[in-house]
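Trainee: Can we go through this one together? I'd like to start with the layout and then move on to the details.

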Amino acid sequence: MDRLRQRADFLAVANGARANSPAFVLQSRPRDDSGPVRIGFTVTKKNGNAPERNRIRRRLRELVKRLDPVSMQPHHDYVLVGRRDALSRDFATMLDDLRIAFTKPARHTHKGSRGQRPGPASAASRKPD
RNA sequence: UCAGUCGGCCGGACGGCCGCUCCGGCAAGUGCCGAAAGGCCGCCGGGGAGGAAAGUCCGGGCUCCCUUGACAUACGGUGCCGGAUAACGUCCGGCGGGGGCGACCCCAGGGAAAGUGCCACAGAGAACGAACCGCCCUGCUUCGCCUUCUGGCUUCGCAGGGUAAGGGUGAAAAGGUGCGGUAAGAGCGCACCGCGGAUCCGGCAACGGAGCCGGCAUGGUAAACCCCACCGGGAGCAAAACCGAAUAGGGACGGCGUAGCGGGCUGUUCGCGCAAGCGAUAACGCCGCGGGGCGAUGUCAGGCCCGCCGUCCGGGUAGGUUGCUCGAGGCCGUGUGCAAACACGGUCCCAGAGGAAUGGCCGUCACGUAUCAUUCGCGCAAGCGGGUGGUGCCCUACAGAACCCGGCUUACAGGCCGGCUGAUAUC
């Protein structure tokens, strides 16, 4: 799994499918080549000052690390857009949110319709595998 | 002990699991990604946010541009004196003014006799120095009284003059206080204070002190214009250097071909001319007796230009690499200096990311805080202070390096240390 670094890649993914969650928005886009899954992170300035933005990005990155790689579609690009709730939301709950978000845009990949499914509010803490 | 003041320091600790990034060493398929430049992959060891990394307000280094090297002008900045420094608007030590019992704190602190402007309201008057109420004198008139006198005292008013003591206005009223003086007054005279001048003494200087002289003349405002002195070329690491595609476009050479196809422009007639062209012309052809209609925003032939393939050259973009961390560097010691700081010696290498690493999730402890229980001391009591334990909260404030230094400013939970001052108590 690679990181997304070029600005052009971010712009391309931003036009793809979306899945919303209280702590983040997941954007995705299939690629033509057979490269690995790539993922990038975006936290805008309206989410807080620099230490808070750093913390949001680090928690999101840790979520992706903990997630089983199987749940992601092969040769797709993903972008996680952070929200302010990512600072305080329970980590195990966010992990469930992300797992659900990854299953969602697989059905609507081509239409680009924004699937909207908030994660379960009270999630039992699950073992992160 | 309490209150205060100044300065310095810290800004959670330990552990577990899983990671990120850089450096060094070893290993390394000629492996993977990419057209290339270039990048990625293993193991071991080590480093990895701050006192403000922030605001981007000053000063530098460095890079490029321009030449401006100097002077002048414009613009901007600085503004008591001396020192420190690469430099500064910073720092240190003094001076002057103001505040505080004091330690100590604050100061946009050059020039108002170069010039211009402004000084609201109130007030008579606010700057080529002012008489509103007063006070005083003289003349005239008038009321009353005393009287021997052409005299004296007194009341009202008018006119002329003197006056800055008193009242009133104001942020500020023309030196202040006292004594003398006077019709009443006034630096009119004198003493002290203030102000100004030159002299002398101390100090590198800002400035301070002394006696002498001057009778006071220059009100405030320069964070109003201005004057004086000093300083300043511009842009900034997204600077800049190197490598460098795809695609489009530029140039050179070669190949194929000089034919066909596609696109664009030209396209009438007559005369002269070999032609290039020049001149004339709506003037041509057909139908029609004619008016008129059609050919015609047309077409053929011909001419000119562009388009193919390959190699190379040069410029630019995406992208990549460098710049990128050894520095006016940190720590320790010695010396000089009141100090800021400087010199010498020793020692250490201490973040280098680039959609941006330095972390995520937990556990234990400490700290803080809220509440409950219990206990101790003081007290009649209400209550106050302290200890222990449980639980909850915050599980930490302000805040994230972005080329690098020196400063300034601003933000900051909580805590530690030291100097000094005042008050109280005790000896």
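This is a predicted model: local features need pLDDT of at least 70, side-chain atom pairs count only at pLDDT 80 or more; totals for chains, interfaces and linings use all residues.

Trainee: Fine. How many helices and strands are in chain A, then?

Mentor: Chain A has three helices and six strands. Read from the N terminus, their order is β-α-β-β-β-α-β-α-β.

Trainee: And how much of chain A is buried?

Mentor: Of its 129 residues, 25% are buried. As for contacts in chain A between residues at least 6 apart in sequence, 79% are between residues at least 24 apart.

Trainee: Let's do the strands. How do strand 2 and strand 3 run?

Mentor: Strand 2 (residues 17-20) and strand 3 (residues 24-30) are antiparallel, with four bridges between them. A hairpin of three residues connects the two. One bridge pairs Asn20 with Val25 in strand 3.

Trainee: What about strand 4, which strands does it pair with?

Mentor: Strand 4 pairs with strand 1 (residues 2-3) in the parallel sense, over two bridges. Strand 4 also pairs with strand 5, again parallel, over five bridges. For particular residues, Arg3 has Ile39 in strand 4 as its bridge partner, and Phe41 is opposite Leu80 in strand 5.

Trainee: Changing topic. How far does helix 2 reach from its first C-alpha to its last?

Mentor: Helix 2 has 17 residues and reaches 24 Å, close to the 24 Å expected at 1.5 Å a residue.

Trainee: Which residues of helix 2 are buried?

Mentor: Ile56, Leu60 and Leu63 are the buried ones. They cover an arc of only 50° around the axis, so they sit on the same side of helix 2.

Trainee: And what is exposed on the other side of helix 2?

Mentor: Ala50, Pro51, Asn54 and Lys65 are exposed there.

Trainee: So what covers the buried residues of helix 2?

Mentor: The cover includes strand 3, strand 4, strand 5 (76-82) and helix 3 (91-103).

Trainee: Take helix 3 next. Which of its residues are buried?

Mentor: The buried residues of helix 3 are Thr93, Met94, Leu95, Asp97, Leu98, Ala101 and Phe102. What covers them includes strand 2, strand 3 and helix 2.

Trainee: Gln27 next. Where is Gln27 found, and is it buried or exposed?

Mentor: Gln27 is in strand 3. It is buried, with 23 other C-beta atoms within 10 Å. Gln27 and Val79 are 52 residues apart in sequence, but their C-alpha atoms are 5.1 Å apart in space. Beyond neighbours within four places in sequence, the contacts of Gln27 include Val13, Ala14, Tyr78 and Val81.

Trainee: Last topic, the RNA. How many residues surround RNA strand B?

Mentor: There are 19 residues around RNA strand B, and the closest are Arg7, Thr42, Asn49, Arg58 and Glu62.

Trainee: Which element supplies the largest share of that surface?

Mentor: Helix 2 does, with nine residues. Helix 1 (7-14), strand 4 (38-42) and helix 2 (50-66) each supply at least two.

Trainee: And how do the residues of the surface near RNA strand B divide by type?

Mentor: They divide into nine charged, six nonpolar and four polar.

Note on methods:
Residues are numbered from 1 along each chain as its sequence is written. Chains are lettered from A and ligands numbered from 1 in the order in which they are written. A residue is near a molecule or strand if its C-beta atom, placed from the backbone, lies within 6 Å of it. Ala, Val, Leu, Ile, Met, Phe, Trp, Tyr, Cys and Pro count as nonpolar, Asp, Glu, Lys and Arg as charged, and the others, Gly among them, as polar. A residue is buried if 20 or more other C-beta atoms lie within 10 Å of its own, exposed if 12 or fewer, and partly exposed in between; C-beta atoms are placed from the backbone. Two residues are in contact if their C-beta atoms, placed from the backbone, lie within 7 Å. Two strands pair if DSSP finds at least two bridges between them. The expected span of a helix is 1.5 Å times one less than its number of residues. The arc is that of the directions from the helix axis to the C-beta atoms.
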